[in-house]
Number of protein chains: 2
Amino acid sequence: MASTCSVLLSLLSITLFSFLISPASSLHEHPLDPLTPEEFSLIRHAVMRSYGASSENVTFHYVGLDEPDKPLIYSWTLNQTDKIPPPRRASVVLRFHEQTHELIVDLSSHRPSIVSKEVYHGNGFPMLTLEEQTAASDLARTHHQFIRSIEKRGLNMSDVVCACYTVGWYGEPRSRRAMKVLAYYTNGTVNFYMRPIEGIVMVVDLELMKIVKYHDRFATIVPMGEDTEYRLEKQNPPFGPHLKGAAIVQPDGPGFEIKGHTISWANWKFHIGFDARVGPIISLASIYDLERGKYRQVLYRAYVSEVFVPYMDPTEEWYYKTYFDCGEFGFGLSAVSLQRGVDCPNNAIFMDGFYAGQDGTPVKISNVTCVFEKYAGNIMWRHTEIGISDETIREVRSDVSLVVRSVSTVGNYDYILDWEFKPSGSIKFEVGLTGLLEVKAVNYTQASQIKEDEYGTMVGANTIATHHDHFLTYHLDLDVDGAPNSFVKTNLITKPVAEEGVPRKSYWTVSSKTARTESEAQLHLGLEPCDLVVVNPNKRTKVGNNVGYRLIPGPIASPIQFRDDYPQIRAAFTDNNLWVTPYNKSEKWAGGRYVDQSRGDDTLAVWTKRNRKIENEDIVLWYTLGFHHVPYQEDFPIMPTLSAGFELRPSNFFDRNPVLKTKSPKPVILSCKP
Amino acid sequence: MASTCSVLLSLLSITLFSFLISPASSLHEHPLDPLTPEEFSLIRHAVMRSYGASSENVTFHYVGLDEPDKPLIYSWTLNQTDKIPPPRRASVVLRFHEQTHELIVDLSSHRPSIVSKEVYHGNGFPMLTLEEQTAASDLARTHHQFIRSIEKRGLNMSDVVCACYTVGWYGEPRSRRAMKVLAYYTNGTVNFYMRPIEGIVMVVDLELMKIVKYHDRFATIVPMGEDTEYRLEKQNPPFGPHLKGAAIVQPDGPGFEIKGHTISWANWKFHIGFDARVGPIISLASIYDLERGKYRQVLYRAYVSEVFVPYMDPTEEWYYKTYFDCGEFGFGLSAVSLQRGVDCPNNAIFMDGFYAGQDGTPVKISNVTCVFEKYAGNIMWRHTEIGISDETIREVRSDVSLVVRSVSTVGNYDYILDWEFKPSGSIKFEVGLTGLLEVKAVNYTQASQIKEDEYGTMVGANTIATHHDHFLTYHLDLDVDGAPNSFVKTNLITKPVAEEGVPRKSYWTVSSKTARTESEAQLHLGLEPCDLVVVNPNKRTKVGNNVGYRLIPGPIASPIQFRDDYPQIRAAFTDNNLWVTPYNKSEKWAGGRYVDQSRGDDTLAVWTKRNRKIENEDIVLWYTLGFHHVPYQEDFPIMPTLSAGFELRPSNFFDRNPVLKTKSPKPVILSCKP
């Protein structure tokens, strides 16, 4: 160790990594690239022109890429040298005079044009804008009944914060766009979710933007909120536990390259999009096959299609809390800026995201996605062989993976979404749940005082954290070595031993069944041991197995509300853990196109009733990762991350272990040079 | 960045870290420390003295710490200043003139003495020694029938390797110690497991050490073994995928301290033992409670108690392959040396392990355990708050965990065992499966040629990888805030809504039931949603919840052989995913004390039939982590790690999030100085 060189590593990383990202250009590098700020502006102008003098009454609820048809994308990827991109279009959802308008805007020409415009007359409403949620939350402060309620409770209005909640649908024949507003208290903490002002519910008509219903049913103590502050600078000693700092050093730079939105790393190549509704979208993931000397397609498109979060308190103030975080709030709209060194490790590279604000202008979320190589100290494969005399054989490969991360904070909860690519061909999907619980204020200070069901756990004095679920339904459009695929369920079957002279009585073997239609693929997992494989029935390995990828489920949790209960009708796409549908570009979102106050008539569970053919077709898997969350005191006042996930793993996709001939990275020699 | 400083990081780490480990001393630092080489020698001498002239007929099958009774350990930990250690004893299992002898050797005095000696007359035999396995494997080479079989197949004896297999028990009334020996072919690869010489089974009587039964039933092609070589220096280009190197740099050194076998890190403190039968043992894990200002007990002792690996080929050459990797082969005896940079990251610290060879002398496994801080880029907790106007709130803590790793290679398979401690109070138990499959040679070269069940997947020409399971039964002696604990199953129950005026129909709530006796705690998981909590019914949080830790299961797999089949009778401890027993020092190993050729009369499933009281008692959880393994071509010729695990997570153990007041580690400033 010689001489002095002192470098702030995070700065070093930025310097090292930034040259690898091509600057955003006005040229579309890839037909699946998300809309650019310039495009959002062009779309807005085109829409405003179209609505003319009335355009001030237009609110933008969704603007996203209307992605080209799959065959066009594939033919483009094959003939990229031609660089004739497929038509570039945007899908726009507006509200205008209490109506939902659906527009398609063509961006191919210099002057964008509206190529279709329809009024939607069905059930449900579009995603809520952040602006109207803020406006709705702000109404209470000047509402005379609310002022009286706050005074009556002896609270200061200046410390009151309001938050708004989707109302769901409970059988009412007519719906108007509305939200419910609840009140919280800050006074001494920014963790207002831990200080609910219980008993008051306000209903805001979003079209009128006024409080149309007010009910102050009862009052309880507002929990004191002591030690709920999570900001370091507001906390008092003692601090701890103490952790030592570390940094990942990559003297040869990172192993991946980002061109526009396309990432190449190790044997993987894929595209990262970003959408206001679902957040990050992984597209066109393909893996290089060393033996065949070419990239082979695995995943056409994957994203979190819907997130259903029903709370389990049936009282007037709580019963309606059954959120659809993508369709109502937008997992992209709720995505947050990530910070180097804490949200993502020091060796991460960041990408920005954009969405259209309520007025149509582009809004930037800087550092909305990060990409990093994960050096978790895992072993890719190993073996120590002692069976050969006079030879000591120990062969080990250390593992590295590539993670794409985003975080969506929907009100109180933070969802960490990780997509992890492994050189062995696996893709791991993980979600981490953190953030703040939804709690209810009660007058009790001790668990022993509770004699009736309070629908949650006492996590602090006067504080009940409510039981709830999280169901994340992933849209997994696998194209295993091409689009025509089949879904095969391989059951493990116990058999009696028939071999003569063998004293063993039983063993298990496999019995594979290909699902011919949608109904045959619907699965409630956990009931029987099985492997779930997507195969390409037209492609075989050298020894003749159908090439495939299998889904290895995570912990299984299924909804246990009544099937005919309103929230579950709307969330019927969670009735099975797994569904398979034929690819249909319009079937993007498991909860349907318009989820706010939806009635369940446009969900995956409905589409699939047609029982379409799915054998040797272009198919899509819909897998639901579920959590039943019984809160515990450790989740209070901010929740340590609880993680779960699932894996897509090559299964006879390769002729052999695809990392058999990988070398472990060289031992790192750290040299600091001027 | 200035001047030159070039350091090989792995060397740097050794320099940095080594001063932290106190040198092994002859003083016992901790009563749970594994036996030292000196102690193994003393034990051997004591035994040899005792057997006198006949001592040459003694073979040592197990020598391990006979750990002091739990109350003695606890009182020692409370009064460590006195430093009067509890009695130090060893448990020894010998074979002598075809009998199993059980000895207890007292090591407290200067001259160790045998305090008890018994002859075991029950079923089953002790662990096999490595030496006798080598001897049995070597017999074939000079066996005339085998020589003829090899000649008949046109193979060269110099390229033949033999391996031996436990024979199990299949109802025969009398058992002699025996193994079966199978043959493989190296010629061109060290991966001989991929080149079985099919059709020949030899039975070796281990007492006579000779082949007592020989059957050459049929011959098949020996798979060619092309591209099965996993040693880098024997492979040919192309290599790939290519991965960039990285290193973890900790300028302030590691965050943990090792004194003897006791580790302190962040808020955790625990002891790491090592045993020939089960490998690493975690003891006395306690966590510092910042609010209460003291360490609190979580886990008295945890280890992998047994590993059951039944193969599913019922033919004569395969049916008996139903291994018990701990009781037959020893997970400690099978543990291997780990290599910095590949088995464990560059920032790991290593510990050695020792066991008694067949002649009683100590054998060292260097670097048998590694301990490292894992910087996987995870988020400990976070929240972005947009609900408070004019304030931007984003608070994130990055996560670090501490991993204790060992690898046991039982013949073909490598098990990576990770014990991960998190500052949030969680302990994650993960097992990674890698190494080599057991394959069968067939004459087929294409999957389409197979018309009958071959009991596996064709992974290469002439090569079938056989279906099998892995069941790892963990012994988890939780002492949550003290020894008297109860096991509580919290069921999630769907209820109809009874609230007036509320249109929702259903919700779920919890219904907790404390298991009073062993039978009430036996669980087949996956049938109904529930939380599994070990509580201390005598200790409460401030708001009055019983303090607890819950077990969050991993993917669930249960045996699906017939319950009355011989292997399953012996492995009846896997019949449930979870059992709870009262602590009993003698109930260490789920498969019983003598597992080789055991008959199932001494397993957890038998002990628990007494249906003892387990409410507010010192209890032990036995959790089985299972894998059904349908092989795929990617697992050939060496298997990319397949991982799964489970978690113990504090559940009302703390009054609030125990990492609320943790600071993220400081950003690392890298300075290289002379």
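A salt bridge is a side-chain nitrogen of Lys or Arg within 4 Å of a carboxyl oxygen of Asp or Glu. Keep that in mind as you open the viewer. This is a predicted model, in which local features need pLDDT of at least 70, side-chain atom pairs count only at pLDDT 80 or more, and totals for chains, interfaces and linings use all residues. Residues are numbered from 1 along each chain as its sequence is written, chains are lettered from A and ligands numbered from 1 in the order in which they are written, and side-chain values use heavy atoms, with hydrogens and water left out.

**Stop 1: charged pairs**

Select A:R88 and A:E39. Their closest N and O atoms are 2.8 Å apart, which makes a salt bridge. This pair links distant parts of the chain: A:R88 sits in the loop between α3 (70-78) and β3 (89-96) of chain A, while A:E39 belongs to helix α2 (residues 37-51), 49 residues apart. Helices (H or I, at least four residues) and strands (E, at least two) are DSSP runs, numbered from the N terminus. Are A:R88 and A:E39 buried or exposed? Both are buried; that word means under 20% relative accessible area, with exposed over 50% and partly exposed in between (1.4 Å probe, protein chains only).

Now move to chain B and pick B:D618 and B:K70, whose side chains meet in a salt bridge of 2.7 Å, N to O. B:D618 lies in strand β33 (residues 617-629) and B:K70 in helix α3 (residues 70-78), so this pair ties together parts of chain B that are 548 residues apart in sequence. Both B:D618 and B:K70 are buried.

Next, select B:D352 and B:K364, a salt bridge with its closest N and O atoms 3.4 Å apart. Here B:D352 is in strand β17 (residues 349-356) of chain B and B:K364 in strand β18 (residues 362-374), twelve residues apart. B:D352 is partly exposed, at 33% relative accessible area.

For a group, select A:D289, A:R292, A:R296, A:D481 and A:D655: salt bridges that share partners join them into one network.

**Stop 2: sulfur links**

A disulfide is a pair of cysteine sulfur atoms within 2.5 Å. The count comes to two over all chains. Select A:C344 and A:C370, joined S to S at 2.2 Å. With -95° about the S-S bond, this link is left-handed. A:C344 lies in the loop between α6 (325-329) and β17 (349-356) of chain A and A:C370 in strand β18 (residues 362-374), so the pair ties together parts 26 residues apart in sequence. A:C344 counts as buried at 1% relative accessibility, and A:C370 counts as buried at 0%.

In chain B, B:C344 and B:C370 form a disulfide with sulfur atoms 2.1 Å apart. The torsion about its S-S bond is about -95°, so this disulfide is left-handed.

Then select B:C326, which is in no disulfide; the nearest cysteine sulfur, that of B:C164, is 17 Å away. B:C326 is buried, with a relative accessible area of 0%.

**Stop 3: both chains together**

Colour the chains separately. A rotation of 180° with 0.0 Å of shift along its axis superposes chain B on chain A (RMSD 0.0 Å); copies are superposed by least squares on the C-alpha atoms of residues with pLDDT of at least 70 in both. That is the relation of a two-fold axis. The same surface serves both copies, as 100% of the contact residues of chain B (contact means heavy atoms within 4.5 Å) recur in chain A.
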